[in-house]
Amino acid sequence: MAKREIVIGSAVLLLALAACTKEDTQQSSSSTHTQREKDSILAGSQIPGAKAVKKPMTVADSAAARQARIDTSQQNP
């Protein structure tokens, strides 16, 4: 009886290991969205506090646009 239980236990263990393939981890990490896109999606949602994500993004965009204008004006005096 003990030999039979070992064989059955081994078979179950092999099936469990076969079910855990790398495809499972690839699906969860295959997100093609950048962090900015994820934040934009979050900011547009109805989740409480989500609008707090939009303000810093707007401020960062304004600062980047201002810096681009300063850089352009320094290149063309």
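This is a predicted model: local features need pLDDT of at least 70, side-chain atom pairs count only at pLDDT 80 or more; totals for chains, interfaces and linings use all residues.
The chain averages a pLDDT of 81, and 84% of the residues score at least 70.

User: Why is Leu13 called exposed?
Analyst: Leu13 has a relative accessible area of 52%. Exposed means over 50%, so Leu13 counts as exposed. Leu13 lies in helix α1 (residues 2-19).

User: What makes Leu13, Leu14 and Leu17 a nonpolar patch?
Analyst: Nonpolar side chains are joined within 5 Å if their residues have over 30% relative accessible area and no salt bridge. Leu13, Leu14 and Leu17 form such a patch on the surface, with about 330 Å² of accessible area together.

User: Why is α1 said to lie largely in the open?
Analyst: Buried means under 20% relative accessible area. Among the 18 residues of α1 the number buried is zero, so the helix lies largely in the open.

User: What is the span of α1 set against?
Analyst: The expected span is 1.5 Å times one less than the number of residues. α1 has 18 residues and reaches 26 Å from its first C-alpha to its last, close to the expected 26 Å.

User: What makes the pair Arg36 and Asp61 a salt bridge?
Analyst: The cut-off is 4 Å between a side-chain nitrogen of Lys or Arg and a carboxyl oxygen of Asp or Glu. The side chains of Arg36 and Asp61 meet at 2.7 Å, N to O, so the pair meets the definition. The pair links distant parts of the chain, with Arg36 in helix α3 (residues 35-43) and Asp61 in helix α4 (residues 51-75), 25 residues apart. A search of the whole structure finds one salt bridge.

User: Why are Arg36 and Asp61 called partly exposed?
Analyst: The class runs between the buried limit of 20% and the exposed limit of 50%. Arg36 is at 39% relative accessibility and Asp61 at 40%, so both count as partly exposed.

User: Which class does Asp39 fall in, and what does Asp39 touch?
Analyst: Asp39, found in helix α3, has 24% relative accessibility and therefore counts as partly exposed. Leaving aside neighbours within four places in sequence, Asp39 is in contact with Val53 and Met57. Asp39 and Lys54 are 15 residues apart in sequence and 7.8 Å apart in space, C-alpha to C-alpha.

Definitions and conventions
Residues are numbered from 1 along each chain as its sequence is written. Side-chain values use heavy atoms; hydrogens and water are left out. Patches are made of residues with over 30% relative accessible area and no salt bridge: like charges are joined within 9 Å, nonpolar side chains (Val, Leu, Ile, Met, Phe, Trp, Tyr) within 5 Å. Accessible areas come from the Shrake-Rupley method with a 1.4 Å probe; for residues, only the protein chains shown count as cover. Helices (H or I, at least four residues) and strands (E, at least two) are DSSP runs, numbered from the N terminus. Buried means under 20% relative accessible area, exposed over 50%, partly exposed in between (1.4 Å probe, protein chains only). pLDDT is the predictor's confidence in each residue, from 0 to 100. Contact means heavy atoms within 4.5 Å.
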